[in-house]
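Hi,

Here is the structure I promised to pass on. Have a look, and my notes follow below.

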Amino acid sequence: MKALIGVKRVIDYNVKIRVKKDNTGVDMENVKMSMNPFDEIAVEEAVRLKEKDIIKEVITISIGTEETQETIRSALAMGADRGIIVKTNKSLEPLAISKILAHFCNKENIDIAILGKQAIDDDFNQTGQMLAGILGWPQATFASKIVKEQDNLLVTREVDGGLETIKINLPSVITTDLRLNEPRYASLPNIMKAKSKPIDILELESLSIDVDPRLEQLKVTNPPERGGAVKMLNTSEELIDTLKNKEGIL
Amino acid sequence: MKSIVIVEQDNGLVNRPSLAAISAAKKLSSNIDLLVLDPSEINTIKNIAFVDCIYSFKEKQKDVSAESMVNFLKDFIEKYDYVIAPSGTFSKNFIPRLGAVLNLQPVSDIIKVHNETTFDRPIYAGNAIATVKSKDKKIILTIRGTAFQPVDLKGGDASLKILSDIQEVNSSKFISKEVSSSERPDLASAKIIISGGRGVGSKENFTIIEKFADKIGAAIGASRAAVDAGYISNDYQVGQTGKVVAPELYIAIGISGAIQHLAGMKDSKVIVAINKDEDAPIFQIADYGLVGDLFTVIPDITKAI
């Protein structure tokens with residue numbers, strides 16, 4: 001089986017973001033960037049399936065600026081075999097991204113595409129589902145467990161109310177949830193080895209895919225602040241009294 | 001303008017986030033229809049305010065896959081200007097797929113309607129709000145349930161149309177579901193939520209949280225750390241990628257307050273933080289804080305209340 005893993009370069013999850021004063025977006029200057037955490041889980045899962053001989057080749061793809069090379073290199077250091085970068089300065093929406101990914105699923109004869117369920121920057125939670133829709137493939141979103149059973153996959157999904165298990169045919173699209181695995185740290189030898197793994201770099205325009213935005217971002221603003229500072233209480237009696245008599249809740 | 005709201009149900013009844021989705025639909029269109037997969041409480045559902053027509057089925061459409069749902073919806077929604085669903089995991093699964101099949105870009109998790117094409121949605125775990133204008137000819141939306149006032153369960157008089165069953169596709173098959181059953185209120189609609197984090201320390205210790213919650217009729221929530229550590233199951237997770245809640249009272253116990261957790265609860269009316277670390281970031285967002293050992297404080301409160 002051949003796997004395609006989508007990885008996105010995002011502001012590191014530990015960074016407290018700042019909205020730009022002119023409300024055109026979020027400040028990206030001198031901010032630490034990392035691979036989207038859910039995509040790390042996707043890479044890890046693919047590498048584990050490769051270690052079990054279920055997957056033969058792990059191809060990792062990223063769409064973005066020159067710097068996405070760092071993200072692809074991290075995926076290669078974790079154990080992916082080769083990388084594809086689709087270069088663009090445009091900020092693309094999930095529909096456009098999934099069209100590009102669909103192009104490579106077809107071109108590379110992919111059997112399984114694994115993506116993070118959501119990018120922690122735009123929080124759309126759409127790309128995997130859209131990719132499956134475009135390709136007409138089955139989908140298993142929010143996966144917390146993947147088991148190969150003959151020619152199918154048994155996938156356990158994190159859903160409202162608990163866990164659901166479905167059986168899907170291949171080829172298929174899977175999106176990862178937090179508890180699918182714990183991504184490894186790349187070892188130094190593997191980081192060195194990743195430097196010689198092949199990366200194809202293409203210009204987005206060379207693909208002739210319609211990526212026109214459907215959403216116009218009018219502005220980005222700060223969320224409303226919660227009013228006032230915290231009032232520290234000293235005892236549990238004081239807390240109960242406050243909630244009962246001042247807030248009238250309990 | 002015509003909207004179809006695809007509702008999610010609990011025990012046959014339209015759940016609170018779906019009632020909020022109807023409320024958002026009302027801001028966009030004068031004509032609102034519902035798609036209801038489970039007809040068992042249809043007579044109650046018919047009374048929901050502002051609804052014109054309910055499309056449902058002879059029997060409950062059980063465990064419908066995203067593939068089957070989209071196959072059915074792609075023609076069914078043709079006459080509508082808006083396709084609207086709540087942000088539950090069921091809707092989040094099929095809505096984007098529907099968008100892709102129709103070559104449309106859905107807008108997920110909206111928290112405000114500015115006008116017929118312009119919406120607010122949180123990005124970066126709610127640390128910024130994007131205002132976006134959709135240029136699509138048909139607009140597909142998911143609604144953050146906590147951001148809209150649910151419509152009334154009475155006052156309406158919708159007509160009912162019965163559809164033929166949704167055809168199952170073969171590529172995806174439902175196998176099983178492990179439902180974590182609980183007598184406690186549902187997270188999405190609870191007035192009070194007691195949430196436990198890493199500080200609780202173990203699955204066994206979580207009974208301290210449960211006893212407290214049961215004493216005051218609260219729902220239970222958890223931080224990612226508590227779920228990852230196996231103290232409690234995944235569907236209790238509150239946060240950026242878990243459930244987003246906004247109860248009257250949210251009590252965070254042993255939760256340090258990572259931004260990903262705050263994203264799921266910061267719209268709660270009153271936030272109380274109980275933590276032994278006075279520097280925990282949760283205190284920056286809380287209304288009331290108590291520094292102390294949860295293993296003595298919580299049993300004390302539970303007893304005294």
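Buried area here means the accessible area (1.4 Å probe) that two parts lose on being put together, summed over both. Between chain B and chain A that comes to about 6,700 Å², with 55% given by carbon and sulfur atoms. On the chain B side, B:Q105, B:Y124 and B:Y288 lose the most area to chain A, together 12% of what that side buries.

Before going on: this is a predicted model, where local features need pLDDT of at least 70 and side-chain atom pairs count only at pLDDT 80 or more, while totals for chains, interfaces and linings use all residues. Residues are numbered from 1 along each chain as its sequence is written, and side-chain values use heavy atoms, without hydrogens and water.

Back to the interface: 79 residues of chain A are in contact (heavy atoms within 4.5 Å) with 83 residues of chain B. There are 4 salt bridges between the two chains (a side-chain nitrogen of Lys or Arg within 4 Å of a carboxyl oxygen of Asp or Glu). B:D228 and A:R179 form a salt bridge, at 2.8 Å from N to O.

β5(A) pairs (at least two DSSP bridges) in the parallel sense with strand β11 (residues 199-203) of chain A, over 5 bridges. There, A:I84 has A:D200 as its bridge partner.

Cheers

Definitions and conventions. Chains lettered and ligands numbered in written order. Helix = DSSP H or I, 4+ residues; strand = E, 2+ residues; numbered from the N terminus.
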